[in-house]
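Hello,

Here is the structure I promised to pass on to you.

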Amino acid sequence: MSIVRKPFAITLDVGSSRANHTGAWRTERPVYVHNLPPCNNACPAGENIQQWLYHAEEGSASPPGGQPPGPPDTGGYEAAWRQIMEDNPFPAIMGRVCYRPCETACNRAQLDSAVGINSVERFLGDEALRQGWQVPVAAAPTGRRVLVVGAGPSGLSAAYHLTRLGHQVTIKDAGAEPGGMMRYGIPKYRLPRDILDAEVHRILDMGVTLELNAKVTDILTEMSEAAGGHGEAESGFDAAFVAVGAHIGRRAYIPAGDSARIMDAVTMLHSMEDGSPPLLGRRVAVYGGGNTAMDAARTARRLGASEAVVVYRRTRERMPAHDSEVEEALEEGIQMRWLSTVAHADEGKLLIEKMKLDDTGFPQPTGEFEELEADCLVLALGQNADLSVLEGVPGVTFSDNVVEVGPDLMTGYPGIFAGGDMVPAERTVTVAIGHGKKAARHIDAWLRGGAYAAPAKHDLAASEKLNTWYYADAPATVRPRLEAARRVTTFDEVTGGLDESTALFEARRCMSCGNCFGCDNCYGVCPDNAILKLADGEYEVDYDYCKGCGLCATECPCGAIDMQPEPT
Amino acid sequence: MLKQLEGSRAVAEAVAMCRPQVICAYPITPQTHIVEALSAMVKTGDLEAEFLNVESEFAAMSVAIGASAAGARAYTATASQGLLYMSEAVYNAAGLGLPIVMTVANRAIGAPINIWNDHSDSMSQRDAGWLQLFAETNQEALDLHIQAFRIAEELSIPVMVCMDGFLLTHASERVDIPEPGQVDAFLPRYEPRQVLDPDDPVSIGAMVGPEAFTEVRYLAFERMRQSLGVIESAAADFAKTFKRDSGGLVRPYLTDDAEIIVIALGSVLGTVKDTVDDLRADGMKVGVLGITTFRPFPAEAVREALGVKPRHVIVLERALAPGTGGIVTADIRMALAGRLAPRISTVIAGLGGRAVTRKSLRGLLEQDDLDPLTFLDLDTRLVDRELQRMRAARRSGPSPENILRDLGITASGIG
Amino acid sequence: MPYQRIKFYQTGSFAVGNRLLDENQRSVQSTAGRSNALTCGHRACQGCGEALGARYALDAVHTATNGKMIAVNATGCLEVFSTPFPETSWQIAWLHSLFGNAPAVASGVAAALKAMGRTDIRVVGQGGDGGTVDIGFACLSGMFERNDDVLYICYDNQAYMNTGVQRSGATPPAARTATTQAVGREPGNRFGQGKSAPLIAMAHEIPYVATATVADLRDLEYKATRAMDFRGARYLHILVPCPLGWGSAPADTVKVARLATESGLFPVFEAETGEVVSSTPIRHRVPVTEYLRIQARYAHLFRPKERTDVIEKIQAAADRNIRRFGLLPEDLSAERAESLAPATVTSPERR
């Protein structure tokens, strides 16, 4: 049949239209882009959240619960976890204590509710601990030694990243155990100690030396100590990262009687860890509106106080405490006295003055007073850093109880870097971890004689660029929470985690803003077959035939295609 | 085997022997008996084919187009109004080169509606690109169908077999029906030039613009020209297989020494030959040239058959080209162009089924001063009265009804 | 039985594909080696809904028939932009005859295949709305009435687009076309005219009738595939927006089709032997104005002043469709609602 001569012009051979390159019609062309998802953009630790959720979506080879299985044997969870570990060594901890700016920024909130990124991170962190996954050190040893002062989140994070870059790290911490504020500031019911220990030790097991009960008072001496002095290989330290935190409770002057019991929240929380919890009495008042105040109040209840009242000079909206902390505190029966200051503390009672916000939002005394029964007043008025480790170091400057650093986190003294609560920044564990990573990169570059230049940021993946039609209706899974009554009597973890099917569900709610996740829409929706599918999730525009209609860009659910003017 | 059969029935049996695979039909007088007979044969299983009762003639030709393009032997039949209704598809079939065979049971075209025989229907499609073969007798009608399938499939051109409605279709004559196997020997399996085959796909029916349209049409023209030879060899082969003369391009009768030759198509040739026999007996040197293949027009065969002797050629036409006159005449004139041509007269006869009698024909042939264009047996009285009516009043009414009333056929008393 | 959606919370229920799906759960369009019955290089306008719909439907049929298919096309946009000599963008066996006879020609092809003992090869007839509801109507009805083994697909862009956007029997009321211009007291197409080809097809009680749009690929593929489960006459009516004729942006073609269904103006349903057996519920209902506003063929309803009187009539038609076909989940009886609700993991049945 194929030898048959076809009637001229009336009958044509199939596919001969490919000779017609309709690409010549274009005035604009589709281009695949990678835009910065708002979650990535918001994460202080710089995690590539979109990417690890992408991996997590693939699940394990046979997920439970009737979910469609992912491609076999990809070990999506492990790949996801490793992606997190590129930036943040503490996913299990993050999943419990991070305030999730990623979720606040999540575009999905505009559709139904934000993706439970934090819950998924926690699941992955816990899974890694269950499976014993480790991060190998692939880089060749550089022979450089870096001193890290402070075994809190910032220092540990820096140690982790520096070790991965091939450097030899020693951490010196004044305390009896590593962890910093993660141990001494955040109560057990928010962060179980076994999780904390496991993630900390995972870093130490990579070859990091930890010296506890080793307070550093003079950093320059520390750096040059050991035989040989500064600069010789295998002795001394070639650079330092200082992250001692801010663990001194601020004291305000409060008029008090002799028998008034006043203590500061930081000390109180610290004492929970060394085995000698304080006796607070039946009614406890906590003065302050931050996260520490919430932790103090909730801890007080668990220590047996029947009443815990938070006294704060402004309103709930103005409280620096994270909303989820306030929520959990209220659920536990913590009472709140807004617009109140402590005028006088006496044995068994406090004199409270009512405040009123003026036009600028600043609280003003009203002259109205009331009494509040309280056996103990806990001050949670903020924390100061102990900057003595850097005092006297030439070039290092301070302001406002923090040490000044450049955009590379280096102090005024070349080779000494600082981060965490002791530098100007928002004071959270996640920010501190982010500093650790950033400092490690800059230290690494400095040690090699250069400077680290972060790559330019991509455009933000704004929600306007999404086509949310394609995401099925699915509000977030709510994490299970212990009932309030049970909560206040134990230090068991309050918020539970997701199991695998719910974690998978949450991960798959991610819209992958600004980054292709292989939905095949562009490949399918082109009326001209002008998009080639090279593999799952890999596409190429066939510019020979693309007419530039823009359907692919419009129907891309995650806004990963831009229409750009056709180059002339 | 000899049988006494109605023409339609004979054609049906011949068509059935050709093993068509798809038969589609819409009823219209006077073709109905053909397709009725075929439908019964299919229903009993005597004929293995798909028979579709379609919703119009347009659908009939369309179904045949689809069937033929898919590689099946396809057949349909129509007449008159039906042929016009399918006209778009008739042209389409020829343009696509699909070897469909269709019987046209020649019938007049309305308005006014008329179910009786003349050639106006086939003539209206003469430029559609189909081969047009005209049967003189019922025997030739059935024979031509057998030849038609073979010719069509060899050339990839559709073929119209024209047979006079009622005069042939409904006339019972003795015919020789071929033996089983004779047709199979003569007509091989259909091997398409192009076919819809999922294993070897092509696109059939592309749009062709100015850059190639002329060439496509030229090729169609050229294939038509080649078909003359194919028709002749088919007829020769047929004669060998079936032992009788049927088909071919032209059929001359007593033309060798004729001074007057009458040219005609179809069943009227019988009456003409009878008349010529009578006149020959009276010493008149008259002959007849029957045109069997009208499209393509067999100009050379006509020239040869006419020779140089005749001084008068009378073209007897059963169709009218309003505004000009004869249709076949024009082709005759063109065939004889450039030679010393005899006098040519056109006689329009037998429109709408009016009988062409030996008496009228004789009178015609004996007339020496024939006008270039004559209407045989025209009732001038009727015509004059209508013309007068039309001159007298603007709203003179519908002419057919007026004339019928004059003839006393419809109720009079009005107007 | 109705289409069962695969529920993916990220995507997959509504997108063309998903890398997380098993091979056998994927849409035909998402596979890398899809047949591309209509391939590139054709001359359709940018963003042509018909080109998209044709490829969607025919690739699905191609898969369902293992490539054993023949297509018969009426004259119109699809035929003209796909086969200008010397190029054809068809990769399947394809025949074009005339404007009004595609259903009849398809019947002929089917009859021939049956006569030749090749009923394994399936026949698709296709044409635009003009060729289907107007000039091809008699042939369509004849094919239905005889129950010939043909799947006829109508690509409805609601006017004679190929000849310059003239009104057809499928042009909706108030729409501007070249022969129902937006001038005079009653601008655009008249109310009280037009015909519903799907309902007429149902009146013939043929085995299977369905409507679909280019905005819901999985549903369209399901219906094209389901249609091939039956023998006899089947009809698929696909809404395919025409950016040129409708005055919408080329990039909006899918969106416009989506709004047509979400407003209720184009009901998506399936019928067997003359009875509706399933309808696709509206996900997020919108007022008809959202649909009308993005098409210049309705611009005269908004400028110089908003013609609320006309818009109300259009909205009433949408409301009627919603009621008639049960397009809102809450309107459905409990049993039907349950059968239409997205199931968790089942994929559309395939032959």
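Helices (H or I, at least four residues) and strands (E, at least two) are DSSP runs, numbered from the N terminus.

What does A:A240 touch, leaving aside its neighbours within four places in sequence? Its contacts are A:V146, A:L147, A:V149, A:I219, A:M223, A:G415, A:I416 and A:F417. Two residues are in contact if their C-beta atoms, placed from the backbone, lie within 7 Å.

**Between the chains**

Chain C puts 49 residues in contact with 51 residues of chain A. On that side of chain C, α1 (49-64) and α9 (253-262) each supply at least two residues, and α9(C) has the largest share, with 4 residues. The side of chain C that touches chain A is made of 22 nonpolar, 20 polar and 7 charged residues. In this count Ala, Val, Leu, Ile, Met, Phe, Trp, Tyr, Cys and Pro are nonpolar, Asp, Glu, Lys and Arg are charged, and the others, Gly among them, are polar.

Chains A and B meet through 12 residues from chain A and 18 residues from chain B. The chain A side divides into 8 nonpolar, 2 polar and 2 charged residues. Strand β1 (residues 11-13) of chain A runs antiparallel to strand β9 (residues 202-204) of chain B, joined by 3 bridges; strands pair if DSSP finds at least two bridges between them. A:T11 has B:I204 as its bridge partner in β9(B).

**Inside chain B**

Chain B has domain 1 (2-242), domain 2 (250-375) and domain 3 (381-415), with bounds from an automatic or database domain assignment. The C-alpha centres of domains 1 and 2 of chain B lie 27 Å apart, and their contact takes 26 residues from domain 1 and 20 residues from domain 2.

**Reading the labels**

Residues are numbered from 1 along each chain as its sequence is written, while chains are lettered from A and ligands numbered from 1 in the order in which they are written. As the model is predicted, local features need pLDDT of at least 70 and side-chain atom pairs count only at pLDDT 80 or more, whereas totals for chains, interfaces and linings use all residues.

Best wishes
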